[in-house]
Amino acid sequence: MTDTYSAPAIEDADWVDWLVIFNDRARDFIGEFAQETAGSDDPRALSAKFAIAARALTLIRSALVLLQNEEQLAFRIMARGIIECAMHMESACTTAEFADPL
């Protein structure tokens, strides 16, 4: 396993293209969904979920840019942040006390 990739290998990778498309579509979906949830029962929890989702999408886009620029170590660090966002989103969606103030 090498720490660098050649630019053509990255550009030809189907999973990189898939992630770019996923990120764009997820961002569009969240924008549409945010308009439909104006009368939510728990606005604090909903805003926390949106903030986590926005952070995850930003990290995904940044990770893809790093990968396309052959920044393997920075990409790995960014991937850890994406995993942390996923863990927080899981907790926000399954635990009612997630957004409760301390």
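Predicted model: local features only at pLDDT ≥ 70, side-chain atom pairs only at ≥ 80, totals over all residues.
Trainee: Which helix has the highest confidence in the protein?
Mentor: The mean pLDDT of the protein is 76, and 76% of its residues reach 70 or more. Confidence is lowest in helix H1 (residues 7-12), where the mean is 54. Over residues 1-5 the pLDDT is below 50, and this stretch has 8 contacts in the model beyond near neighbours in sequence. At the other end of the scale, with a mean of 88, is helix H4 (residues 72-94).

Trainee: In what order do the elements of the protein run from the N terminus on?
Mentor: The protein has 4 helices and 0 strands. From the N terminus on, the order is therefore written with one symbol throughout, α-α-α-α.

Trainee: What percentage of the contacts between residues at least 6 apart in sequence joins residues at least 24 apart?
Mentor: A contact here means heavy atoms within 4.5 Å. Among the contacts in the protein between residues at least 6 apart in sequence, the part that joins residues at least 24 apart is 64%.

Trainee: How far apart are the end C-alpha atoms of H4?
Mentor: H4 has 23 residues, and at 1.5 Å a residue they should span 33 Å. The distance in the model agrees with that expectation, because the end C-alpha atoms of H4 are separated by 33 Å.

Trainee: Against which helix do the buried residues of H4 pack?
Mentor: The buried residues of H4 include Phe75, Gly81 and Cys85. The buried residues of H4 pack against H3.

Trainee: Is leucine 59 buried or exposed?
Mentor: The C-alpha atoms of leucine 59 and alanine 79 are separated by 7.7 Å, although the two residues are 20 apart along the chain. The relative accessible area of leucine 59 is 6%, so this residue is buried.

Trainee: Where does glutamate 70 lie?
Mentor: Just after H3, glutamate 70 takes a positive phi of about 60 degrees. Most residues other than glycine have a negative phi. Glutamate 70 counts as partly exposed because its relative accessibility is 38%. Its place is the loop between H3 and H4.

Trainee: Which element gives the largest share of the lining of the largest pocket?
Mentor: About 280 Å³ of space lies in the largest pocket. Of the 14 residues that line the largest pocket, the closest to its centre are Phe29, Ile30, Lys49, Ala53 and Met89. Helix H2 (14-36), H3 and H4 each give two or more residues to this lining. The largest share, 7 residues, comes from H3.

Trainee: What part of the accessible surface of the protein belongs to carbon and sulfur atoms?
Mentor: The accessible surface of the protein comes to about 7300 Å². The part that belongs to carbon and sulfur atoms is 59%.

Terms used:
Residues numbered from 1 in each chain as written. Heavy atoms only, no water. pLDDT = per-residue confidence, 0-100. Areas by Shrake-Rupley, 256 points an atom, 1.4 Å probe, with all protein chains shown as cover. Expected span 1.5 Å × (residues − 1). Buried < 20%, exposed > 50% of the residue type's maximum accessible area, 1.4 Å probe, protein only. 1 Å grid on protein atoms, 1.4 Å probe; cavity = no way out; pocket = protein on both sides within 12 Å on 5 of 7 lines; lining within 4 Å. Points joined across faces, edges and corners; volume = space filled by probe spheres on them.
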